[in-house]
Structure formats: structure tokens, C-alpha cells
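This report describes selected features of the structure shown below.

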Protein chains: 2
Amino acid sequence: MKLSQLDTPCLMLNRETLLQNAQALTNHIQSLGVNLRPHMKTAKSIDVAKIALEGNFGGITVSTLKEAEYFAENGIKDMIYAVSMVASKVKRAAKLLKNGTDLKCIMDNPDAAHAVAERAVELGVELPILIEVDVGDHRGGLMPDADNLMAMARALHDYPGVQLAGVLTHAGNSYGCRSVEELQKIADEERDGALIVVRKLRNAGFPCEIVSIGSTPTAVHARDLEGITEIRSGVYMFGDVFQAGIHSCQTKDMAVSVLATVISHRQELNCALIDAGSLALSQDRSTAASGLPEDVGYGLVMDESAENRTANMHVARAFQEHGVLECDGSFPFDQFPIGSRVRVFPNHACTMAAMYDSYKVIDVHGEVIDTWPRVNGW
Amino acid sequence: MKLSQLDTPCLMLNRETLLQNAQALTNHIQSLGVNLRPHMKTAKSIDVAKIALEGNFGGITVSTLKEAEYFAENGIKDMIYAVSMVASKVKRAAKLLKNGTDLKCIMDNPDAAHAVAERAVELGVELPILIEVDVGDHRGGLMPDADNLMAMARALHDYPGVQLAGVLTHAGNSYGCRSVEELQKIADEERDGALIVVRKLRNAGFPCEIVSIGSTPTAVHARDLEGITEIRSGVYMFGDVFQAGIHSCQTKDMAVSVLATVISHRQELNCALIDAGSLALSQDRSTAASGLPEDVGYGLVMDESAENRTANMHVARAFQEHGVLECDGSFPFDQFPIGSRVRVFPNHACTMAAMYDSYKVIDVHGEVIDTWPRVNGW
């Protein structure tokens, strides 16, 4: 099938670019002697997971229990659910464990661990839990010097229903970096922050089998991972304009884009409209952050083949089902007649892809070769 | 079923509030002697459409052809697809027409009208087209004084395959208003802009059966709609924090919210985490616009019953699956223990609801009485 036969807007996935991105990080992490546990929150697709797992140990990361259930149904056995577990969710986790999935969860609070443990006992399972450590991202986690770190380890070690499986960090603060040097520094800090906690736990006699760290920017720029057992990354599979802006990939590595149709010319406003707005592109504006090479609005726009970009064309504004194309100088209306098509590359691949229930997969010749479903929702 | 039995995050719809909102605008528009054609882009649900259509003539507005197909399957016969039609989409429209749906489309370009007309002839249908007029929103449309307005009317009137069905405007610029006086002024301008074009067309001998205008803020504040045949509005059914901020509704009128669970306490950062992040809440930041009473971040937070709000609590930051709760003063951790639940009300109901494939419908007692599916995608 040709691109021209697709209804728009739709989500395109360039299989060759995906293969290259997956192989590149796999090679890099292997060269550092560490396991790569791909984070499937970006792709949410078993077809993509199979590619990401090539040459790796077979474990994945998930961001929702729905992903966990979907990937378990599709044969994946080893997972970390990397969002704090709570008692009300133990039932779904227990079902996965009972069906043979080695599902590990994360937590950062001893009282909550108690509640989870009680529920796990009721349900007749023992849930492996990693202690989440905040190495600078200031999202979830205990600080490495937290007073209750040992109480947390003891809770997980002592309570029936749970077991202490290790330590997990996420250096999301790497997204604030603007140079390779800064990224390498954050990558080192992430590793060191995790290892401080690992040493404390082991010195106190606790097991700490898994030491799981990661974010795409720190994984790409990691140079020494001694003491770490695994790296989690997700967006490296697809890349995006933001990741290119912070040197995690190049724009040629971007694997997903939205195919859209020009639906209106506004000569007097020097812009054109496409049929992809805030629902088709997401409302992600991460390239608006300071210190990036270019703010592309709601997406970077190339021609239908994704080979050429005209005059920094981008989606300047987004309404629910309308995107406004603007570029430097006079808008080239003749080059983009109504009915012609463009490709919009994302600020953030995770959020753009989340607006679709499947990928239209294209090969190196730009032929549509397959449709791969995604597992959205919770 | 009780709220406490629901998995989180999930999208809640308060049926009573929806009924009141639907009735209020129906009464107001009827008092002005005009038809209300509810815009289903917000709700994307036949169950909601049935409520919105009570007391009205039965026609709806849609924002995607997928909505059109879904509502046609569910028995609705009269629709306007309010995004510019292009030739590549005529096939789907033609199928609806052939199956008995009175589907009207909009366009703003004579050349594109020619291409659509040719395709319609090939497919053996005659597509009713409204001329889209830009009354100040500067999204789609011809300006009321556009040179090619008559060429457009002539094209739609003369080409086989299409017919001129009327004029359509959308005063999206009403979202920039901050007072009732400003809204009334924009409502008057929208009406007058449409009527200028209607007069020109009729004076030139063209038919102009439908004069369709609308946006929720201008519909709510319209005082005189003489010459207009119908009003299109969508978000009035649900309301949201932004609409309350610009006086289109009150916060008590908000019908949709996300039920979320507290999953982490960050005492040292004076915040808590919930399991609803940028995918569960959307990335809409419309309350960040200037001149509004309050920027609620990624959503306004109330307790599980949606009756009380503590210290201006809101979602200050959103990661993919994590939202960060903040409030004035010290965060009340004891009041919101890990495992407790909150309700997050949207900046923008359309974009939050779009992240879900169904509504959990609750009655006046807070009991979950039904699940209503949504039609997402294109």
C-alpha cells in the first residue's frame, strides 16, 4: 500500500529507523556490560518490543498494568512496572504473578509497603519490590540519604507478601540537560546515587539483586556502569525533536510521524491548515523549553516522503482537529496544495504515539507493509 | 458500584450535571428562536448525544469522519462535519450519504471545491457544502470581504457533485475573552459576520438555507440571533476550569473528572504523586493563559466525592503516568494518605476526555451506574 492510500491523520512508523535505533542502544549498553530492559511506555506494542528485545535478555519495563497484562499475554515473562504500587492494584499484579509473569514493582514508602504486603498475603502472592530512589528527578522515590530508607528495606525484607528485589532510579532530570557534558554528568550522578543506596543496603545485610537505572539521555551517554545491573530506556526506539535537541539522537533517527493532509490555505494569514490538531499531534510543547535549537510548535513538518523540510516549516498552533502550518518567509502554497500531504515529527514521541491505537509501518521504500496495534489506557 | 471499586485512572461523568448543562443551553437557544446542533467532538458518545438532543431538532456536529460513521450507525441522520472537506475524504462521506445520512461538509476554497466535486461525481453523490467564514478566529474560512467569496459560492452552486447548503462560522476567538461584555461583543460579531456573507450570497441570487454559527462561550452569551438558523456548541455539556474562568459556566457545572489514586508522598518536596499524568489528564494548559482567575496546572483537584477542595490543590506537573499534587501551604499528607483518591477536573474537557475510551457514569449519590463508550481516532 502507498502512503497516498492512507486516511489521515495516521501514525507512521519507519521500521528501518526503529531497527537501527534499537540496535544502536543494544550495542552501546552491551559494550558497557549491562542488561538493557526496554521501557515499552513509548511504543506500547509487542511488535516493537520484539525488535527492542533482539540481542537483549528479554525483560521489559511497563508504565501501566494494562501494558503488563498485554505483554504477558504476548509471551513476555520478565517485567518491572515502574510506577509506585498501591494496595488497590495488587489484585491485578497478583493475577500476573500467578500466571507465571515475573512482575516486579516499585515503592518508596514503608507504610504503603505494609498495605501492599497485607493485600498480597490476602491474595496468596509474594510481590518483588524495588525501592525507588530519587537521584535528582524529584518525581517519585526516596532520597539516597532519606531517614526512612532502612525502614523501607526492612519492611520489604521482613513483611510476608513482599520481597526486596533491589533498587530503581530514573534520571528524568536529564531532560533539563542541553549538552553532552551535562548529560554525562547526570548519567554519572544517577549511577552514583543508585550505588550509594545499594552499598547502604548491602552493608546492612539486605539483598539488592537488581540495580536498575535509566532514561534515554543518560543511557545514550553512559560511559561506565560498573555496579549497575540494568538500564531502562524507551523513547530511544523512536527518537523525537526534543531528544535530538538534547543530543540523545539526531533528527534522521526519528522513527514516528503523523501523516496529515493540507485542508485549507489562508493566503492572507500566510499559513495553511492540516487535518492534524491537538488530538492527532498531542499538546506536547517540550521544544518550547529554553536552550533548545528550535521551538517547532506542535511538530516539525516535512514533505510526504519525510525527505525534505521547507523553510523551517512547523505546526505553529493546534486546535482539536486543525494544525496551522507556518514557515520562514512566504508560505509555499504552490508546493503544498490543498489535498497534498505532509509528515509531522513529534516534540515527544511518547505523547504523540499515545493519541493512536496503531502504527502504519513503512519500509525503506516508503511502502506501507503492516499495521501494528498499541495498548493504550490503564 | 462504588467509586472505590474502580481502577484508576479513569474518567468519571456526572450524569446529573450533564443533564442540567444540556437542558440549560437547550432552553437558552430555544428562547432565542434558533436550533441547537450539539457538537459531539467533546463527548464522542451516543449516550451523551441522546441527552444533548433532548428537546432539540436532532442534528449534530462532528469533528471527524469516524464520529460521523459512529453516530450514523447509532441512528443520527443530520450532521455537519465541521472540518474542511478534501477530495481524499469524499469516499467515506459518500458512503454515509448513500446510506441515508444527511451529511453536510464545509469548505473555504474554490479549487478544492472543484476537486471535491469531481470526486463526488465519480462516486455518484451530491455533497451539501457550507462555506466556512472566518469571523475573527483566524483558523479556517474565507474572510467576509474575501475576493473569492462569490467564486466559492458559484463553484458550489454550479459544479455537479456539490451543492451550496449555507454558511458556517466558529467564533473560537471567544476563548480570548475574559468578561461577559467581551463575550457578548464577540457573539454579536460572529452573528454579524455570518449575516454579511449571507446577505451577499442572497443578493447575488445564491441559496443560503443554513446559517450555522457557534462556540460555547458565544452560545451561552448570545442575546439576539435573528437571521441565524442554528448554533453549534460542544463543551457546554461538560464544562471545565477554563470555561468557568471565562464565564461560560461555573465550576459546579463541571461534569467530567479523572479519578486518581495517591501513590507517593514527597514530604521533603511538600507534594504528593497521583497515578494520573500527562496521558490521563492530557497536556492541556489552557488555564495558564493570562487574565484567568487561577492557573490550575494540569487540573483542579478535589477530594474523592468532588465536594471539597483543599487549599487550591492542583496538579502542578505531569509526567507520563505521574501527576504532582501541590497546594497552598503545607501539603495535607494525613488527609490524603497513599491509596486515597482524588478527582481531577480538567483545564479543557475535550482534551482530557480524549485520553479515554469510555466514561464511568455516576449518579447523584456518587454510585457508578454505567459505562458509556467513546469514539476516538479518525
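B:R266 counts as buried because 22 C-beta neighbours lie inside 10 Å, where 20 or more are required. The model is a predicted one. B:R266 lies in strand β10 of chain B, which spans residues 256-266. Leaving aside residues up to four places away in sequence, B:R266 touches B:C271, B:A272 and B:L273.

A:R15 belongs to helix α1 of chain A, residues 15-31.

| Residue pair | Separation along the chain | C-alpha distance |
|---|---|---|
| B:R266 and B:A187 | 79 residues | 47 Å |
| A:R15 and A:V48 | 33 residues | 9.1 Å |

## The sheet of chain A

In chain A, eight strands form an open sheet with parallel pairing, in the order β2-β9-β8-β7-β6-β5-β4-β3. Its edge strands are β2 (35-38) and β3 (60-62) of chain A, each of which pairs on one side only. From one strand to the next, the twist averages 30°.

Within this sheet, strand β6 (residues 127-133) and strand β7 (residues 162-169) of chain A pair in the parallel sense over seven bridges. Along this pairing, A:E132 stands opposite A:L168 in β7(A), and A:V133 stands opposite A:T169 in β7(A). How far is β7(A) enclosed by the rest of the structure? Seven of the eight residues of β7(A) are buried, so the strand is largely enclosed.

## A hairpin in chain A

An antiparallel pairing is found between strand β16 (residues 358-362) and strand β17 (residues 368-373) of chain A, which are joined over five bridges. The bridge partner of A:Y359 in β17(A) is A:W372. The hairpin of β16(A) and β17(A) has five residues between the strands, and A:G366 takes a positive phi near 80° there.

In β9(B), B:I231 is the bridge partner of B:L36.

## Helix packing

In chain A, α5(A) and helix α6 (residues 149-158) pack with their axes 9 Å apart, at an angle of about 10°. The two helices are therefore roughly parallel to each other, as angles under 35 degrees are classed in this way. On the side of α5(A), the contact is made by A:P110, A:A113 and A:H114; α6(A) contributes A:A151, A:M152, A:A155 and A:L156. By class, this contact has six nonpolar residues, one polar residue and no charged residues.

In chain B, helix α6 (residues 149-158) has B:L149, B:M152, B:A153, B:A155 and B:L156 buried. These residues cover an arc of only 160° around the axis, which puts them on the same side of α6(B). An α-helix has 3.6 residues a turn, so residues three or four places apart point the same way. The elements against which the buried residues of α6(B) pack are α5 (110-123), β6 (127-133), β7 (162-169) and α7 (180-203) of chain B.

## Contact between the chains

Between the two chains, 45 residues of chain A are in contact with 45 residues of chain B. On the side of chain A that touches chain B, the elements giving two or more residues are α5 (110-123), β10 (256-266), α10 (278-281) and α11 (349-353) of chain A. The largest share, four residues, comes from β10(A). By class, this side of chain A has 16 nonpolar, 19 polar and 10 charged residues.

Key. Residues are numbered from 1 along each chain as its sequence is written. Chains are lettered from A and ligands numbered from 1 in the order in which they are written. This is a predicted model: local features need pLDDT of at least 70, side-chain atom pairs count only at pLDDT 80 or more; totals for chains, interfaces and linings use all residues. Two strands pair if DSSP finds at least two bridges between them. Axes are lines fitted to C-alpha atoms, for helices over the stretch in contact, and angles run from 0 to 180 degrees between N-to-C directions. Two residues are in contact if their C-beta atoms, placed from the backbone, lie within 7 Å. Ala, Val, Leu, Ile, Met, Phe, Trp, Tyr, Cys and Pro count as nonpolar, Asp, Glu, Lys and Arg as charged, and the others, Gly among them, as polar. Angles under 35 degrees count as roughly parallel, over 145 as roughly antiparallel, 65 to 115 as roughly perpendicular and the rest as oblique. A residue is buried if 20 or more other C-beta atoms lie within 10 Å of its own, exposed if 12 or fewer, and partly exposed in between; C-beta atoms are placed from the backbone. The arc is that of the directions from the helix axis to the C-beta atoms.
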